[in-house]
Structures are given as structure tokens and as C-alpha cells.
Amino acid sequence: MFTNFIFYFLSVLALYGGVMVLLSKKPIHSVLYLTLTFFAIGGHYILLNAQFLAIVHIIVYAGAIMVLFLFTVMLLNLNKDDRSPKPLWLKAAAIIAGIMLGLILIGVFRGYDLHLTQHPMKSQIGLVKELGKILYRDYMLPFEVSSVLFLTAMIGAVLLGKKEQI
Amino acid sequence: MLFCIGVTGVLIKRNALVILMSIELMINSINLLLAAFSAYSNDPAGQIFVFFIMVVAAAEVAIGLAIIVLIYKTTHSIDIDVLNKLKW
């Protein structure tokens with residue numbers, strides 16, 4: 001029961017943070033609500049017995065990406081929300097599209113009987129040791145390729161940040 | 001659910017930063033779904049995939065923010081209704 005309560009609490013927190021990202025008038029508030037959502041999702045990962053993912057999620061998202069967003073918001077000094085509002089019919093159409101997408105997804109999940117055989121939960125999956133073994137044994141190639149991806153991203157970011165013309 | 005909120009955010013907002021944040025929200029909702037399925041079917045492949053998705057998302061956020069900063073330096077506005085010069 002305690003687990004159920006935590007699950008619902010974290011879900012409500014994540015959904016509230018997500019909605020407030022859109023509804024807040026200042027971009028800095030949106031960034032802070034996004035951080036709240038990321039922490040709630042990290043809590044969900046712990047509930048799913050994925051401890052390694054939870055820690056990595058908190059470090060990468062709440063630690064690095066949010067800091068990047070905060071730097072950019074403060075660098076660009078965006079606190080004045082002085083845009084002329086979008087036409088109301090456009091906003092209404094987008095919200096209706098989003099709600100219909102949500103209804104479609106809910107309908108898919110309601111009408112589908114999950115007949116997966118309930119295996120006894122292997123409690124070792126989320127641990128760092130097991131994930132590390134599988135990562136280095138079966139998924140070695142994507143691991144190395146992702147290092148090349150990071151290298152490319154770093155080179156791109158530095159090139160984009162240079163002041164003088166190349 | 002979070003995915004729908006992210007999609008609505010991408011469609012409504014004019015501030016390019018908030019659009020990027022809505023994309024991050026969508027990616028996170030997919031991560032959560034994958035991790036849930038991985039826990040349900042005792043398959044560690046889901047968690048490995050989430051790991052790689054996080055890698056790609058982090059790289060994409062870095063590059064996206066660099067592009068936004070550059071756009072701001074040249075045009076001093078990150079309102080996408082002003083920045084629609086790629087259209088005809």
C-alpha cells in the first residue's frame with residue numbers, strides 16, 4: 001500500500017510538472033517545473049527496480065541538462081514574456097489534438113489484454129553489476145558507437161560556439 | 001500522458017526554448033515506458049535501450065542549445081513566429 005501511494009504521488013507530481021511547463025508564463029519557471037518532472041520520473045525508475053537508471057537519470061538530466069537549460073535561459077535573459085499571443089483557435093486546435101492523442105493512447109491500453117506470462121521478477125536486473133555485464137557483452141557495438149556520437153556532438157558544439165569565422 | 005503533454009507543448013509554444021523542453025519531456029516519457037516494460041518482462045534490453053536514449057538526448061540538447069544561442073546572437077529573438085525565414 002505504501003508502494004501504491006508513492007506511485008500515485010509520483011505520477012501526479014510528474015504530470016503536474018509537465019502541465020506547468022506549458023502553462024507558466026516565464027521560461028525560468030518552465031525550466032524549474034521540468035526539473036521537478038525529471039525528479040519524479042527518477043523516483044518512478046526506483047519504483048521499477050531500475051536503480052542504475054534512476055541514478056544515471058538524475059545525474060544526466062537533473063544534473064547536466066537542466067544546468068544547460070538554466071545557463072541558456074539566464075544567458076539569453078528571457079524573463080520577459082512579451083510575445084504577442086498566438087491566435088486562440090490555434091491553441092484550442094493544438095490542445096484538442098493533444099487530448100485526442102491521449103484518448104487514442106488510453107483506448108489502446110484499455111482494450112488490450114496483457115496476457116504476458118508473469119515471470120517471477122528477477123530482482124537482479126536493475127543492479128549495476130548485471131546491467132554492466134549485459135552492456136559490455138551483448139551491446140558492445142552501440143556502446144562504442146555512442147562514444148563516437150559524443151565526440152561528434154562535442155566537436156559540433158565547440159564549432160557552433162566559436163566567435164571568429166571558420 | 002507525459003508524451004501528449006509534450007506534443008501539445010511543441011505545438012503551442014512560441015519560445016524555442018520551451019519547444020526544446022517539450023521535446024525533452026516526450027523523450028523522458030518514452031524512457032519511462034521502456035523501463036516499465038523492461039521490468040514487467042524481465043528483459044534487461046529495455047534498460048540498456050533507455051541508457052542509449054539518454055545518451056542521444058543529452059547530446060541533442062547540447063547541440064540544440066548551441067544552435068539557439070547562435071540564433072539569438074544573430075537575430076536577437078527566439079520567437080519562432082519571427083524566425084520563420086525558412087518558409088517561402
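## Chains and elements

Helices here are DSSP runs of H or I with at least four residues, numbered from the N terminus. By that rule, the elements of chain B read α-α-α from the N terminus on. The model is predicted. Chain B holds three helices and zero strands. Chain A comes to six helices and zero strands. Its elements run α-α-α-α-α-α from the N terminus.

## Burial and contact range

Chain A has 166 residues, and 22% of them are buried. Chain B has 88 residues, of which 44% count as buried.

Contact range was also computed, for pairs at least 6 apart in sequence. In chain A, 57% of such contacts join residues at least 24 apart. In chain B, the share is 33%.

## Helices α1 and α2 of chain A

Two packed helices are described by the angle between their axes and the distance between the axes. Helix α1 of chain A covers residues 2-23, and helix α2 of chain A covers residues 27-47. Their axes come within 8 Å and cross at roughly 155°. The pair α1(A) and α2(A) is therefore roughly antiparallel, since angles over 145 degrees fall in that class. The crossing of α1(A) and α2(A) is left-handed.

Residues from both helices meet here. On the α1(A) side they include Thr3(A), Ile6(A), Phe7(A), Leu10(A) and Leu13(A). Gly17(A) and Gly18(A) are also among them. On the α2(A) side they include Tyr33(A), Leu34(A), Ala40(A), Gly43(A) and His44(A). By class, the contact of α1(A) with α2(A) has 13 nonpolar, seven polar and no charged residues.

## A residue in α1: Leu10(A)

Leu10(A) sits in helix α1 of chain A. Is Leu10(A) buried or partly exposed? It counts as partly exposed, because Leu10(A) has 19 C-beta neighbours inside 10 Å and a buried residue needs 20 or more.

Not counting residues up to four places away in sequence, Leu10(A) touches Ala40(A), Gly43(A) and His44(A). Leu10(A) and Gly42(A) are 32 residues apart in sequence. Their C-alpha atoms are 9.4 Å apart in space.

## Helices α2 and α3 of chain A

Helix α2(A) also packs with α3(A). Their axes come within 8 Å and cross at roughly 175°. That makes α2(A) and α3(A) roughly antiparallel to each other.

From α2(A), the contact includes Pro27(A), Ile28(A), Val31(A), Leu34(A), Phe38(A) and Tyr45(A). From α3(A), it includes Gln51(A), Leu53(A), His57(A), Tyr61(A), Met66(A) and Phe69(A). The class count for α2(A) with α3(A) is 18 nonpolar, four polar and no charged residues. Leu34(A) is in the contact of α2(A) with α3(A) and also in the contact of α1(A) with α2(A).

## The largest nonpolar core

The largest nonpolar core has 41 residues. Which residues have the most contacts inside it? They are Leu34(A), Ala50(A) and Leu53(A), along with Met21(B) and Ala35(B). Both chains supply this core. From chain A, α1, α2 and α3 (51-76) each give at least two residues.

Ala35(B) has contacts in both chains, leaving aside its neighbours within four places in sequence. Tyr45(A), Leu48(A), Ala50(A) and Leu53(A) are its partners in chain A. Gly46(B), Gln47(B) and Val50(B) are its partners in chain B.

Key
Residues are numbered from 1 along each chain as its sequence is written. Chains are lettered from A and ligands numbered from 1 in the order in which they are written. This is a predicted model: local features need pLDDT of at least 70, side-chain atom pairs count only at pLDDT 80 or more; totals for chains, interfaces and linings use all residues. Axes are lines fitted to C-alpha atoms, for helices over the stretch in contact, and angles run from 0 to 180 degrees between N-to-C directions. Angles under 35 degrees count as roughly parallel, over 145 as roughly antiparallel, 65 to 115 as roughly perpendicular and the rest as oblique. A crossing is left-handed if the near helix is turned anticlockwise from the far one by less than a right angle, and right-handed if clockwise. Two residues are in contact if their C-beta atoms, placed from the backbone, lie within 7 Å. Ala, Val, Leu, Ile, Met, Phe, Trp, Tyr, Cys and Pro count as nonpolar, Asp, Glu, Lys and Arg as charged, and the others, Gly among them, as polar. A residue is buried if 20 or more other C-beta atoms lie within 10 Å of its own, exposed if 12 or fewer, and partly exposed in between; C-beta atoms are placed from the backbone. A nonpolar core is a set of buried Ala, Val, Leu, Ile, Met, Phe, Trp, Tyr and Cys residues joined through C-beta atoms within 7 Å.
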